[in-house]
Structure formats: C-alpha cells, structure tokens
Amino acid sequence: MDVRLSTEQRALRDTAVDLVDSLRPRSVIDLSDAERTARLEAAVASTGWRQLRDADEDGTPYASAVEVVLVAEELGRGLADVAFIGPTLAAELRRLAGVTAAASTETVAMKPDLSDIGLAGQPSTAVDAAGASSSMLLAAGELVAVSLGVTAEPLDLTRPHVAVPRDANAMPIGHSISTGALTKWTAFGLALTCADLVGVMRGATTLATDYAKVRKQYGAEIGSYQAVQHLLADAFVAMEGSHSAALHAAWAVDALPGDEALVAAAGAKAYCARAARMVCETAIQVHGGIGNTWECLAHVYLRRALVSIDLFGGVGPNLDRVLAHNLAGSRS
Amino acid sequence: MNFGDSPAEAAFRARLRAWLEDNNPGLPASSTSDEYWAGQAAWHQALYDGGFFGLSWPQEIGGQGLPTVYEVIVDDELAKAGAPPRPSLGYLVQGILHHGSEDVRARLLPGIVNGRDRWCQGFSEPEAGSDLASLRTTAVRDGEDYVITGHKVWTSYSDAADWCLVLARTDADVPKHKGISAFRVSMRQPGVVQKPLKMINGITREFGEVLFDRARTPAADMIGEPGEGWRLAMTVVGHEREPGELGYVARYRKVVKELAARVSESPDDYGPEQRRDLAWALVESEMLRQHVSRRLSDRLDGNSGGPEGSVDKLLMTQVEQSVGHAALSVGGASSSDDTWLKLYLYSRAQSVMGGTSQIQRNLVATRILGLPS
C-alpha cells in the first residue's frame, strides 16, 4: 500500500492546476466571457483529458480512474466551465460496451433526477453538454444516441444540461451493455462526481477563507472570531475526509471487482455529498449578505455541487447501496 | 497510488490472519468493560511476541522498522477477526523518540514497546485542561533526584501503570511554556497515590487521578532538556491526534460489523432511522480507514506531526461519535444489554481527550487556513 501519487500523477495534477488557474472564471461576470470560455475549451481539448478513458487495442483505458479524478478535482476547484465529466462518462460507456470512440463530442443522458442512465422513450437530461452534438442512453439494454437540441437555462452555471424529449429519435449504436458493465460504469461515475465535489469543496473553502481574512466587522477581520473560524475549520475537515474517501473510490474502479468498486464509490459518494452541501452552504454563510447575491461565486459552487450530488444519486441512494452490500455480506 | 497490498504486505496479512485464529483473546470492547483493561497487558505482550506490534518503530527499541502503512493492515485484520484493537501508546513512543537522549531512549522505550512496562501520561490537572501550559505540578532538584509535587487528573490507564510521563514546572521565572520539563516517574513509590475515576458509562479501570506528594525520580529520567517539556507535550498530543497512531479504526470497524450482523439477523426489527444510523457508521468508519492509509502513506515522505493531526483528530471524533450513535440506535438505550449504551456514552469523551474539538478547530483555522488569531 502506498497511497501517494506517482511522479507522473503529480505532474498531471500540476498541469491541471496551472491550466485551470490561468483560465478559470474568477467572478460571475467571467462566466459570460465567451473569449475566455473558448480559450479554456481549446486548452482542455489540446490536453487529451477527455480521451483518458478511450480504449486502446486491448480495450483497456489509456489512463486509470485515478488520473481522471485528478483532473476532475481541479476542474471542480476552479469552477471550470468546460465539458469533462459528460464526455468522459460517454467514453467509458463506449469502452465498456466495446464500441469505438465517438467521432464528435458526445455526452450521456441521465434520468431526470440524474440518478442513472436515461432510457429511450422516457424524458432524460443530457449532462455537462457544452459543445456536445449527441448523447447516449439505453434502449432495452442497447446503447443508442440522440441528437441534442438547445441548451436549457441550467441549474449549474458552469455545466449546461440539455433536455432530451421522450420522443427523441434514438439511433442504434449497435452494441448491448451488460449489467456487470453498467455496475462498473456507475462506480466510475460515482468516483468522478466525488472528485468534482472534493474540488468544489476546496474551491469554496478557499473562497470563504480568503474573504474572512479581509472582511472586517467590529474593527477586526471576521476570520479572527472563533465562531467563523470553527465554521471554516469544519468545512476544511469535511473536505479532507471526502478527499480520502474519493481517492480510494477512484483507485477501486480499476483495482477491485465491480460490486466492490461500487460499494466503495457509494460510501465515498454519500460522504462527499453530505459534506459538499455543508461546505458550500458555509461558504455562503461566511460571505454574509454578499453571499446571498448573484454576483458572489459562492452560489456557483453550490449549484455545481448540487448537480454532482444528484449524478448517480446523492446521500440516500448511496447509503442504501452501502447498507445492502454490508447486510448481505454479514449474513453469509 | 495503490491502496492494495504489495506481495510482502499480502504475506504479512496472511501471517497475521493465521495467528489471530489461535490468539484472539476475545476481550470485550475497551470502551464498555473493565475486563478489557484487565487483559490489555497480556494482549499487548502477545501481539508483540507474535511480531505484530510496534511494526514501524526503530529496531533498536524493539520495533521492526517497517513502513508505517503496515499498521493499516494490522487494524484491518484485528477488526475482521473481531479481536481487540492494538494498544494505543504510539504517541508516548514518539514523544520519547523525538525528545529523549540516546540513554533515555535505550533505557525506556523497549519496555514500552514490548508491553512489559505499563505507562500513563500525567499531563492534565484540575486547573490545567485545555490551557495545559498553566500546569502547577512542580519538580525541584534535590541532589541526583527531582522531587515532584502536584495533582494530575483524567489520566488514562493510571491504575495499571508502572510509570507516569509527568509534565512538571522546573522554572517559575520564565514564560509558562518555557518552564516545563518532562520526567519518567515511578508509580510504585510512597509519594504517589492513584485513585480511579468512574467514567460516565460506569467503567473504572481506564481513567484516574494521580497525587504526587514529594515523589522522587532520578534526574537521569528527565526526558529531553530542562524546559523542553512543552515541546515534548506538543509532540505527544500531536501524535495522540492521529488515528494511525492510535489504531482506533479497528475498534470502530469491529463495532460496526457487530451492529450490521445484528440487523442482518433480524432485519424486520429495525426501522429506517436505525438503518440510516448504521449506514452512516459504515460509511464513516470506512472513510477513516482510507484517511489513515493516506496519512500513513504521507509519512513515507517523512511528513509527520504538524497541524494536520488536528484534522485527523476531528475526523476520528466524528467517526467515533457516529459509531456511538449507531450503537445507541441499533442497540437501544433501554435494552437489557447495556453494552451499546456504554459504548455510546464512552464516545462522548473523544471530543475532549487529547485536546477538545474546539481547540482542534482553533488549530485548523489558525495553523492550516491561516486565519488571524
């Protein structure tokens, strides 16, 4: 056991840190700076990060889930308004089904509550759909693709949703996907959303901590008061625990059998989901009145967290997964 | 990055698992029964003699010089076997290793590591809890000895201890942090009176107070230099905050496993609230295992001590109290078997011992987040 990042993994993370910090939105106004988002998109496209889970000749991915989550965490930290989770989930689905990689940018459509992959003939939601021309969903165990229409006003200001209507024209991709493969895909999706949440928590905690160091009330920085210090300390601690659980979930994706990877990821997700909402709410609280205005980035973190929490289920469904696994396990 | 076993680690795990089949003493949980404390010395010695204790400590003091991550394997297997956790005294060893002279390390540490010498830690006093530097116990030089007078309280393991690591004031004329020195003091002498304290869950053999009335200890048993006591104390409490040092992951996972087995046996007896409490305890104890793996891996780079210990302590506390709540919920407060009630009540101490959660939050805020103090 050695949970430290390898030299290559540290280099990848450092690259992601630099790229995100040079192009991330630093204010709510920045979110509508089309020139910046275009440069961010071009920079991410040139890294090949969205192809990390494409299959090589043997069907194994180019990179492990650990590399993928290192990128996802930095994108979450920086509120990067660029597609990553969606295309990466699509690539993983194709790889697990043994289908060749998509020719153009593609994402996945989820059930309207985002808890699982969408079904043809039912309404669904294409997630993280910036720049995507199509999304994948399931029709009787087969992978199908639908073209995407207009971007909806999103909950998440950094990753747009696209509604996929019930009667969308589903084009067969020509491969079925097994239950076992879907289990692995779900474990991967959970690990990926955990990483995004850890990044969001890190970013939101930093935002609020920086503010607490400069905002003065009663003649002193609010960060000098224990009441505020303890809120921020709890946020930091929740982020650290989440980080440990999320790293293990990512490692488990490629290292453990599907059902064990799923339970590891479900436990991590329950933990990260509860923590992330608390941390983002804390960031709003520490900002006081400003934190409740549109122009403060705190709600952008919260909104992004709410989507990542819902993807593959938040606290409740994942506690159920953990319980089902452990109660079955302790009976045998 | 790898959470899995290397071949050497897998072999060690298999050896430990086989050993536990014949050597699990089946003691009750440390937090619920005096029987555990009565059997703890024998368990410590058995673990040590089997080659499963003190793994990451230097060979000169009886350790095996293995990477720290081996402790995770020990905790895993103890929990799986339902065996008692490993004794929690790594923080004492670290304090003496870091601050003791070569002579002190060589004389004192092997007996602690092999479990033949029992130690307690005389830090807190009635008027010096969180504000430890205000302690009033004094040590006065008298020839080749120091003479110790004072009152220590909330002292874990004092009733079984042969020795006490005492913090005492040796210089009243310097700022309070600088006038403290650390000593090893024999508990078996006329000037020392040990009184058990009954904890809120009724156990009497873990917690005590110790009165020193002109107790004597050789000057050679001062640990560190005169005035180094505060720094030693910070090293000790720093490590006392690390779940990897304490081995508590095994304790939590053992309890959670027992609770899950209870619910599995008669699932219809447990409602959604109880299942949810159990699910959180499962999630939290698993998180702590992964967190300890991460922290102990960081130590492979030589990173240890530091304010991150406060993060670990807060996480560990959250887990212990979540497990306590699951025990209360699944076990029931008014059940005829009060094991679970005792376990829950014991869990309240975790946010106080080794530095309260409020002190830990102050440290995280000022020393990690850089907020003004």
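User: How many salt bridges are there between chain A and chain B?
Analyst: First, a heads-up: this is a predicted model, where local features need pLDDT of at least 70, side-chain atom pairs count only at pLDDT 80 or more, and totals for chains, interfaces and linings use all residues. Residues are numbered from 1 along each chain as its sequence is written, chains are lettered from A in the order in which they are written, and side-chain values use heavy atoms, with hydrogens and water left out. A salt bridge here is a side-chain nitrogen of Lys or Arg within 4 Å of a carboxyl oxygen of Asp or Glu. Between chain A and chain B, the count is five.

User: Which side chain meets A:Asp234 in a salt bridge?
Analyst: Look across to chain B for the partner. The N to O distance is 2.6 Å, and the residue is B:Arg361.

User: What area is buried between chain A and chain B?
Analyst: Buried area is the accessible area (1.4 Å probe) that two parts lose on being put together, summed over both. Carbon and sulfur atoms give 68% of it here. On the chain A side, A:Met1, A:Val3 and A:Arg4 lose the most, together 20% of what that side buries. The total is about 4,200 Å².

User: Where is A:His299, and is A:His299 buried or exposed?
Analyst: A:His299 sits in helix α9 (residues 298-310) of chain A, helices being DSSP runs (H or I, at least four residues) numbered from the N terminus. Buried means under 20% relative accessible area, exposed over 50%, partly exposed in between (1.4 Å probe, protein chains only). A:His299 has 11% relative accessibility, so this residue counts as buried.

User: Why is the pair of B:Phe12 and B:Tyr70 called edge-to-face?
Analyst: Rings of Phe, Tyr and Trp (its six-membered ring) pair if their centres lie within 6.5 Å; planes under 30 degrees apart count as stacked, over 60 as edge-to-face and the rest as tilted. The centres of B:Phe12 and B:Tyr70 are 5.1 Å apart and their planes are at 85 degrees, so the pair is edge-to-face.

User: Which helices hold B:Phe12 and B:Tyr70?
Analyst: This pair links distant parts of chain B, 58 residues apart. B:Phe12 is buried at 2% relative accessible area, and B:Tyr70 is buried too, at 8%. B:Phe12 lies in α1 (residues 7-23) and B:Tyr70 in α3 (residues 70-81).

Definitions and conventions
Helices (H or I, at least four residues) and strands (E, at least two) are DSSP runs, numbered from the N terminus.
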